Amino acid sequence: MQSPSKRGSSLRDCDKRYAFDSKALAAYRLRRLADSRPSSLRPSFLPILNNMNDFELIAQGAEARIYKGIYLGKPTLIKERFEKKYRHADLDKRLTKDRIKAECRAIIRAKAAGITTPAIYLANLERRCIYMEYIEDALILKEFIDKKVSKETNDDRLLNFIAQGLGTIIAKLHLKNIIHGDLTTSNVLLKNIDDDHNKKYENAANNFVLIDFGLARIESSVEDKAVDLYVLERSLLSAHSEIPLLFSKIFDTYQKHYANKNQCKEIISKYKEVQLRGRKRLMIG
Ligand SMILES: Nc1ncnc2c1ncn2[C@@H]1O[C@H](COP(=O)(O)OP(=O)(O)OP(=O)(O)O)[C@@H](O)[C@H]1O
Ligand SMILES: [Mg+2]
């Protein structure tokens with residue numbers, strides 16, 4: 001960066017250069033002003049600095065703090081990946097930046113593939129956070145299942161609705177080679193669901209919002225897809241053991257919606273291999 005005296009003298013040189021053109025001089029001065037400031041103080045970042053204090057901390061996980069508030073007039077969620085003290089500071093910074101970039105990229109790709117995801121408003125790599133659309137009045141799928149399944153345990157419509165929603169969006173993701181990496185019912189939100197027990201569960205995919213792409217990748221092999229499905233199966237068995245058929249129903253929908261039938265066959269056979277390996281590991285410990 002230039003020293004203040006050097007910057008001052010070059011501005012004076014420029015004043016002479018633009019002496020007969022006041023508009024060009026003003027534009028030049030503005031450019032200089034914007035360029036010479038550290039990135040965190042450039043004009044486009046000022047709204048963040050002003051508004052951050054208005055955000056309310058709503059959750060804290062092992063890796064991220066989640067805040068809710070209003071950004072540029074819109075309900076916004078900030079996901080801040082805080083420092084890991086056990087990691088070397090430079091390494092931590094680099095890994096966090098890479099992860100934030102990968103998360104944003106995957107969310108945008110998933111949206112382009114027709115999956116409902118929160119809109120990304122801003123990624124601030126220096127402050128380690130992503131600003132995204134806050135999905136209002138949404139239920140976490142895990143809580144929805146916990147609440148509903150006890151009441152509507154024999155209701156096939158409910159099971160089909162969940163299987164339709166999840167199976168369709170995972171097929172869409174995988175067809176575009178996107179791996180979510182953490183498919184659990186805690187990372188899916190349900191919107192526009194009312195509490196009416198007689199409600200017909202229809203158009204499932206429109207109600208499902210996929211979140212938490214922190215472990216996502218956008219290049220993938222058949223094996224990656226099989227592992228993604230296996231992660232989902234394991235998480236369903238542990239979180240929703242009362243509905244053991246849920247995974248197979250999701251997998252059926254997935255296969256129906258996976259347009260590339262040859263690759264689908266490969267995924268199914270790879271999935272069986274991965275499942276076998278997993279079972280062996282569970283037995284051996
Ligand atoms: N866009 C959103 N709109 C509304 N609520 C959200 C949104 N994103 C996240 N949430 C809520 O915040 C919780 C935590 O978010 P998320 O799953 O992204 O973070 P995490 O699990 O702590 O992160 P990670 O696993 O990447 O470290 C979600 O379970 C959900 O309740
Ligand atoms: Mg999560």
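Predicted model: local features only at pLDDT ≥ 70, side-chain atom pairs only at ≥ 80, totals over all residues.
Let's start with the ligand. How many residues surround ligand 1? The count is 20. The closest are Gly61, Glu63, Pro118, Asp212 and Gly214. By type, the shell splits into 11 nonpolar, 4 polar and 5 charged residues.

Where does ligand 1 lie relative to domain 1 and domain 2? Domain 1 covers 50-133, and domain 2 covers 138-283. Both give residues to the shell, so ligand 1 lies between them.

Some strands take part too. Strand E2 (64-71), strand E3 (74-81) and strand E5 (129-133) each supply at least two shell residues.

Now look at E5. Is this strand mostly covered or mostly exposed? Covered: 4 of its 5 residues are buried. E5 pairs with E3 in the antiparallel sense, over 5 bridges. There, Thr76 stands opposite Glu133 of E5. E5 also pairs with strand E4, residues 120-124, again antiparallel, over 4 bridges. Ile120 has Met132 in E5 as its bridge partner. E4 and E5 form a hairpin with 4 residues between the strands. In that hairpin, Arg128 takes a positive phi near 55 degrees.

A quick reminder on pairing. Strands of a sheet pair through backbone hydrogen bonds, either parallel or antiparallel.

Last stop: another sheet. This open sheet has 3 strands, in the order E6-E7-E8, with antiparallel pairing. Which strands sit at the edges? They are strand E6 (139-140) and strand E8 (208-210), each pairing on one side only. Strand E7, residues 188-190, pairs with E8 over 3 bridges.

Notes:
Residues numbered from 1 in each chain as written. Chains lettered and ligands numbered in written order. Near = placed C-beta within 6 Å. Nonpolar A, V, L, I, M, F, W, Y, C, P; charged D, E, K, R; others polar. Domains from an automatic or database assignment. Pairing = 2+ DSSP bridges. Buried ≥ 20, exposed ≤ 12 C-beta atoms within 10 Å, placed from the backbone.
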